[in-house]
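Hi everyone, thanks for coming.

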Amino acid sequence: MSGKIVHSQLGVTLLGGGPCSASDVADSLTIAPLLVAADGGADRALALGHMPSAVIGDLDSISDAARTAIGAESLHPIAEQVSTDFGKCLTHVAAPFYLALGFAGGRLDHTLAVFATLTAHPGQKVVLIAEQEVAFLAPLELRLDLPPGTRLSLFPMGPVTGESRGLRWPIDGLTFTPAGRIGTSNEVTGPVWLRLVGPMLVLLPRPFLRHALCALGVPPDVRGE
């Protein structure tokens with residue numbers, strides 16, 4: 001299957017089958033109101049009282065009860081096994097930005113696959129929401145206005161170099177690699193500016209979701225402010 005299944009002018013909430021809270025899903029839907037479930041995320045959506053607009057994936061996890069409740073017209077099976085269900089959603093859903101829940105905090109191999117998928121989709125604005133943190137693939141340049149003392153972690157998904165302002169431990173002149181130097185648990189000292197060459201994940205405490213969207217260039221009116 002090729003082409004887009006879902007087109008949205010608003011943000012899209014992507015819901016997987018992993019752990020996520022009802023309050024996080026509800027909060028996400030106030031920002032990204034169109035709900036798309038990734039395979040077994042359909043069951044979680046229904047359990048939380050939400051009807052997904054579409055269900056995308058290889059559909060090997062969705063229950064028969066969820067299939068019936070949602071209806072065949074909203075089920076979009078994609079059989080290929082090269083990409084994850086999360087990746088299938090990003091490939092087949094067109095939106096200005098995405099909030100992804102239920103993809104981290106469960107199986108570690110699934111979480112690692114999600115990070116790899118984020119890295120493979122640099123042209124899309126995606127924020128991964130976990131229990132305590134949000135994560136996103138950094139653009140080439142970003143700015144964050146965060147309170148001093150806020151934890152800011154950087155994790156390279158390949159070789160990365162860059163420049164920074166507003167961090168307790170500057171990154172200028174450093175080379176980051178997944179198996180070498182990483183940048184977890186840095187600390188904000190003032191307005192943050194980063195310029196990066198290479199794929200770098202940024203992780204912030206969960207309360208700074210809207211700051212992450214701002215850093216990705218999502219306008220206030222589009223992100224529900």
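Let's start with α5, which has 13 residues and reaches 19 Å from its first C-alpha to its last, close to the 18 Å expected at 1.5 Å a residue; that expected span is 1.5 Å times one less than the number of residues. Helices here are DSSP runs (H or I, at least four residues) and strands likewise (E, at least two), numbered from the N terminus. Before going on, please remember that this is a predicted model, where local features need pLDDT of at least 70, side-chain atom pairs count only at pLDDT 80 or more, and totals for chains, interfaces and linings use all residues. Residues are numbered from 1 along each chain as its sequence is written, and side-chain values use heavy atoms, with hydrogens and water left out.

Which residues of α5 are buried? They are T111, V114, F115, T117 and L118, with buried meaning under 20% relative accessible area and exposed over 50% (1.4 Å probe, protein chains only). These residues sit on the same side of α5 because they cover an arc of only 160 degrees around the axis, taken from the directions from the helix axis to the C-beta atoms. Their packing partners are α4, β8, β9 and β15, with contact meaning heavy atoms within 4.5 Å. On the face turned away from the buried side, α5 carries exposed L112 and A120.

Now the spaces. On a 1 Å grid over the protein atoms alone, a cavity is a set of points where a 1.4 Å probe fits but cannot get out, while a pocket is an open set with protein on both sides within 12 Å along at least five of seven lines; lining residues have an atom within 4 Å of a point. Points are joined across faces, edges and corners, and a volume is the space filled by probe spheres set on them.

The largest pocket holds about 490 Å³. Its lining has 26 residues, and G17, D85, F86, F103 and H110 are the closest to its centre. α5 gives the largest share of that lining, 4 residues.

The second largest pocket has about 330 Å³ and 18 lining residues, with A104, G105, A130, E131 and Q132 nearest its centre. Here β9 gives the most, 3 residues, and α5 and β8 each supply at least two.
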